[in-house]
Amino acid sequence: MAELTRWRDRCIRLISACPDAFLEVDAAGVIIEWNPRAEVLFGWSRDEVIGRPAGDTVLRARLGRSPFDDADGDHRDAWGDGWRRFQLEHRAGQTIDAEAMVFSTGYGATRCVSGFVRCVEELDGAKPLEPATGTTATTVELSGLGTDPLTRLPDRRRFKDALARSLAEGASPGSVAVALLDLDRFKVINNSMGHDHGDLVLVAVADRLSGMAGHADLIARFGGDEFLALFADRHGYAHRRALAFAERARAALREPFLINGSEVFLSASTGVALNAFGVDGAPELLANAEAAMYRAKRRGGQAVETFQEPMRIESLDRMTTEHSLHRALDQRELTLHYQPVVEVGSSAAVGVEALIRWRHPHQGLVPANRFIPVAEESGLIMPIGAWVLQEACDQLRRWPGRKDRRSLGSMEVNLSARQVADKRIVATVEEVLARTGLPAERLTLEITESALMDDAGSSLEVLRALKQVGVQLAIDDFGTGYSSLSYLQQFPVDMLKVDRSFIEQLGVRSESEEIVSAIIGLAHALGLRVVAEGVETVGQLEILRSLRCDLAQGFLFSVPRPASEIATSFPLPISA
Ligand code: C2E
Ligand code: CA
Ligand code: CA
């Protein structure tokens, strides 16, 4: 018995003298050991924490989960056999960037999870932590340690430092990876719902990412709506871990966010970059992650891309595109082409859709998809969109033989998500109608289904206001945005444009006919007219006729053409 007491005393002395914080949690998650260094690191005295649940106030992981939460797991498997990075919370609320080595002993009810924890800053030679004084609140100076004040995540500087250290430590290629997450269309939320709202969204996102702390070595806010995760893995699994993390993040963001009582749908574009051969330092690795992220954005967002060399050129290209788009607007390099919209029953054209083109001085006619995403990202879509509206409405009045209301036909103009998120679009539309004298009902504004889903609350308000002005509204690319017709019923729309991907399958796959038939049936029941997009064959047109589709557009009737070529063929019936 005396032997046992002596042995125990010796253990306690050793643990007390340990330069790292040492703590032990029993099978029920209650703290049973807490050394003086732990008092210093966390600001809680031994007396205050012994007997309390670790996940309670003590040892609350800043990133949702502490290395000690998982008392049932096998820590050697879960945490590896070395030091792992975690973010824990000091008593006073500051984030502690910590390294922990956790192990378990015993089985079942006798099982304990023990761990050594040390502060990363301290290791790097920053100011050592001061001891806690009894039960009083912290004396530990942790302010200014590079924490983002909004989300409480580590900030950009701290991430860069940690990255530089990881690169220096694990120089072997493939041992370090970075994942850069950029929220898709966050600017729309910020612009439409206000910055306070946007801040709440960022905090909520940070919290969800925090829940994945165990899957990255450091998670930080890079600034704006960008978040970063670091993976250092000397066994060369950094890339694999980064991709797994990106997948988890994607799943975590998929659940709608409830912000001030309204649901916000979010997704992120993620770029992953590795310390491959030839990558020189933290700045280059981050630039590569950014280039990969932009590639993910170009794929329409909600995607993960790993950096590859050709992306460097692409990101340069993006910048030059943005630069020269400014010039394009000033120098009148933008132009509109028009594609007829025809009645399925008679094949007579009843209107046109305006589609933008860029007459680039070196690259020739650049299609919309190549530059509209850049214009949206940079905000240039606002002046460009206003120009499109003005030019299209002007054109409809300019075409000869269209002086009386009946033969005027209608003009369809595409609006981007960003335009719909900004209430000023209503005034812009009113001004254009007033200036051109075009009757409001002759103008149809098209908004993609995904833009509506982006931020349903505020687009609804804008759409209602536009409806008051008297214009027609259409949902574009219907079927690609995962919404349901019953959900869209609340939007005051007049028309549904079924995405080309469904039309091109008509006559090829029997299900597509059933899908299109169901869409048309439901749309009609809701009083909406249906346009089939991208009709290319007579076979497709015949199926659409049998399904009682109202209108159609596509190469079968005409490719989009300049205004001068439309004038002769429009509004004459097009036979198919
Ligand atoms: P969208 O509104 O869905 O326009 C239809 C696109 O499909 C057009 O591409 C058109 O040229 C193409 N198309 C039409 N019929 C057929 C067909 O039978 N087969 C095939 N394969 N394609 C067909 P475009 O002009 O390159 O425009 C692409 C997208 O860019 C548009 O998709 C629209 O979302 C956007 N866009 C175009 N103009 C503007 C604009 O002025 N403002 C905004 N915000 N977006 C625009
Ligand atoms: Ca369209
Ligand atoms: Ca479309």
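Author: What follows is a discussion of the ligand sites, some residues of the chain and the cysteines.

Reader: Before that, what kind of model is it, and how is it numbered?

Author: This is a predicted model, in which local features need pLDDT of at least 70 and side-chain atom pairs count only at pLDDT 80 or more, while totals for chains, interfaces and linings use all residues. Residues are numbered from 1 along each chain as its sequence is written, chains are lettered from A and ligands numbered from 1 in the order in which they are written, and side-chain values use heavy atoms, with hydrogens and water left out.

Reader: Which residues coordinate the calcium ion that is ligand 2?

Author: Glu353 (OE), Asn414 (OD1), Glu446 (OE) and Asp476 (OD) coordinate the calcium ion (ligand 2), at 2.1 to 2.3 Å. Donors here are N, O and S atoms within 2.8 Å of the metal, or 3.2 Å for Na, K and Ca; water is not among the atoms, so sites may look incomplete. The sequence spacing of the donor residues is E-x60-N-x31-E-x29-D. Helices (H or I, at least four residues) and strands (E, at least two) are DSSP runs, numbered from the N terminus.

Reader: Are glutamate 446 and aspartate 476 buried or exposed?

Author: Glutamate 446 is buried, because its relative accessible area is 1%. Aspartate 476 is buried as well, at 5%. The term buried means under 20% relative accessible area, exposed means over 50%, and partly exposed lies in between (1.4 Å probe, protein chains only).

Reader: And what holds the calcium ion that is ligand 3?

Author: Its protein donors are Asp476 (OD), Asp477 (OD), Glu533 (OE) and Glu533 (OE), at distances of 2.0 to 2.6 Å. Aspartate 477 lies in strand β18 (residues 472-478), and glutamate 533 in the loop between β20 (529-532) and α21 (538-546), so this pair ties together parts that are 56 residues apart in sequence. Aspartate 477 is partly exposed, at 25% relative accessibility, whereas glutamate 533 is buried, at 12%.

Reader: How far apart are the two calcium ions, and which residue bridges them?

Author: The calcium ion (ligand 2) and the calcium ion (ligand 3) lie 4.0 Å apart, and aspartate 476 bridges them.

Reader: What surrounds ligand 1?

Author: There are 22 residues around ligand 1, and the closest are Gln339, Arg357, Asp476, Glu536 and Phe555. A residue belongs to this shell if one of its heavy atoms lies within 4 Å of the ligand. The shell consists of 9 nonpolar, 6 polar and 7 charged residues. In this grouping, Ala, Val, Leu, Ile, Met, Phe, Trp, Tyr, Cys and Pro count as nonpolar, Asp, Glu, Lys and Arg as charged, and the others, Gly among them, as polar.

Reader: Which element gives the most to that shell?

Author: That is β14, with 4 residues.

Reader: Which polar contacts does ligand 1 make?

Author: One of its oxygen atoms is 2.8 Å from a polar side-chain atom of arginine 357. A nitrogen atom of ligand 1 lies 3.0 Å from an N or O atom in the side chain of arginine 500. The backbone takes part too, with a polar backbone atom of phenylalanine 555 at 2.8 Å from an oxygen atom of the ligand. A polar contact is a pair of N or O atoms within 3.5 Å; within protein, one must be able to donate a hydrogen and the other to accept it, and residues adjacent in sequence count only if both atoms are side-chain atoms.

Reader: Let us change topic. Where is serine 175?

Author: Serine 175 sits in the loop between α6 (156-169) and β6 (176-183). Serine 175 is buried, at 3% relative accessibility. A polar atom of its side chain lies 2.6 Å from the backbone oxygen of serine 172.

Reader: Finally, how many disulfides does the structure hold?

Author: It holds 0 disulfides, a disulfide being a pair of cysteine sulfur atoms within 2.5 Å. Cysteine 393 is buried, at 0% relative accessibility, and cysteine 549 is buried, at 6%.
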